[in-house]
Amino acid sequence: MSHAPVESTAPGKVILFGEHAVVYGEPAIAVPVSQVEAGATVEPAPSGSGLTLVAADLEQRFTLAEAPPRDPLALAARLTLDRLSAPAPDATIVIRSSIPIASGLGSGAAVSTAIVRALAEFIGRPLSPAQVSELVFEVEKIHHGTPSGIDNTVIAYERPVYFICTEASGPHLVSVGAPFTLVIADTGLPSPTKRLVSRVRAGWKRDRARYEALFEDIGEIAREAYRKIETGDVEGLGPLMDKNHALLIQLGVSSPTLDRLVDAAREAGALGAKLSGAGQGGNMLALVDVEDAQNATEVLKEAGAAHVIRTTVA
Ligand code: PMV
């Protein structure tokens, strides 16, 4: 067993296409966002002290032994130890994150990924992205109820992914034919994933034909976007984002604030824009020419965005 301190990080993420429909077996595309990240540092502790978890930003500190059974941080650590058939080491895990919570940027999955990676490495048995993703998926069920698995996948692999939840063979890692720039703006309002997924499910139960047609249309957009990303047809992605946003409005998961930011981005010359993630609040994203990114950032801030991140997908 290693006794040197170990630090691991994990990026945030955004869903480019296919949120919600992905829960019903349609494809979705997500990319890592390295401008925000979660980190976990594992340091050796005195013999017999057990494993202590410290959530630095939340001012929480508890031992694994006394953690509530459904605490997601403790669950990530427990699942890792179970997977490795290892006893809890005498150590302290300090967890931090710059990813806004409940904003569709994957904060829960990134924190879990950082914990799983750091602990496995501290024990001297690092896990593969597929193994990390599988453990983080189990933790995601606490946050989301019935997650599709896209967040744990894109964050554990740290690559753009084309994801279909029913495919056991694992995600398709996307080869990006030409880099493109995204501006990601936070409404500052929470995006309660579990509640929005339940709302869509209730709608689907009431009117299956209508919802399934919307899911299929969204799936078709994700399939087309996958081809365009791989062939480097960046311009062609913009209209697909606009169409995807219109379908998300029909699913009932947008909001006046998201629509306002989407409209502002388009008026600022974005090639396309849409909400990203579960909706209602959280983030929207806009595809922009790199030279227009600064202007789009300013316009989105003027339109009320709480934070704006710029990232290049390559
Ligand atoms: O965690 P978020 O806000 O990015 O939303 C997840 C995306 C959904 O498709 C709405 C749910 C899921 O599990 O894929």
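These legends describe close-up views of a predicted model.

**View A. Packing of helix H7 against helix H8.** Helix H7 spans residues 234-251 and helix H8 spans residues 256-267. Their axes lie 12 Å apart and form an angle of about 160°. Angles over 145 degrees count as roughly antiparallel, and H7 and H8 are therefore roughly antiparallel to each other. The two helices cross in a left-handed sense. On the H7 side the contact is made by Asp-242, His-245 and Ile-249, and on the H8 side by Asp-259, Val-262 and Arg-266. Sorted by class, the residues of this contact are 3 charged, 2 nonpolar and 1 polar.

**View B. Packing of helix H3 against helix H4.** Helix H3 covers residues 129-144, and helix H4 covers residues 150-157. The angle between the packed helices is about 145°, and their axes are 8 Å apart. The crossing of H3 with H4 is right-handed. H3 contributes Pro-129, Ala-130, Val-132, Ser-133, Val-136, Phe-137, Glu-140 and His-144. These meet Asp-151, Asn-152, Thr-153, Ala-156 and Tyr-157 of H4. The H3 and H4 contact comprises 7 nonpolar, 4 polar and 2 charged residues.

**View C. Packing of helix H2 against helix H4.** Helix H2, residues 107-123, packs with H4 at an angle of about 50°. The axes of H2 and H4 are 9 Å apart. An angle between 35 and 65 degrees falls in the oblique class, and H2 and H4 are therefore oblique to each other. Their crossing is right-handed. From H2, the residues in contact are Ala-109, Ala-110, Thr-113 and Arg-117. Their partners in H4 are Asp-151, Asn-152, Ile-155 and Ala-156. By class, the H2 and H4 contact holds 4 nonpolar, 2 polar and 2 charged residues. Asp-151, Asn-152 and Ala-156 of H4 meet H2 and also meet H3.

View D. The side chain of Lys-13 places an N or O atom 2.7 Å from a ligand oxygen atom. For His-20, a polar backbone atom is 2.9 Å from an oxygen atom of the ligand. Ser-148 has a polar side-chain atom 2.5 Å from an oxygen atom of the ligand.

How values were computed: Residues numbered from 1 in each chain as written. Predicted model: local features only at pLDDT ≥ 70, side-chain atom pairs only at ≥ 80, totals over all residues. Heavy atoms only, no water. Axes fitted to C-alpha atoms, helices over the stretch in contact; angles between N-to-C directions. Helix = DSSP H or I, 4+ residues; strand = E, 2+ residues; numbered from the N terminus. Parallel < 35°, antiparallel > 145°, perpendicular 65-115°, else oblique. Left-handed = near helix turned anticlockwise from the far one by under 90°. Contact = heavy atoms within 4.5 Å. Nonpolar A, V, L, I, M, F, W, Y, C, P; charged D, E, K, R; others polar. Polar contact = N/O pair within 3.5 Å; in protein donor to acceptor, adjacent residues only side chain to side chain.
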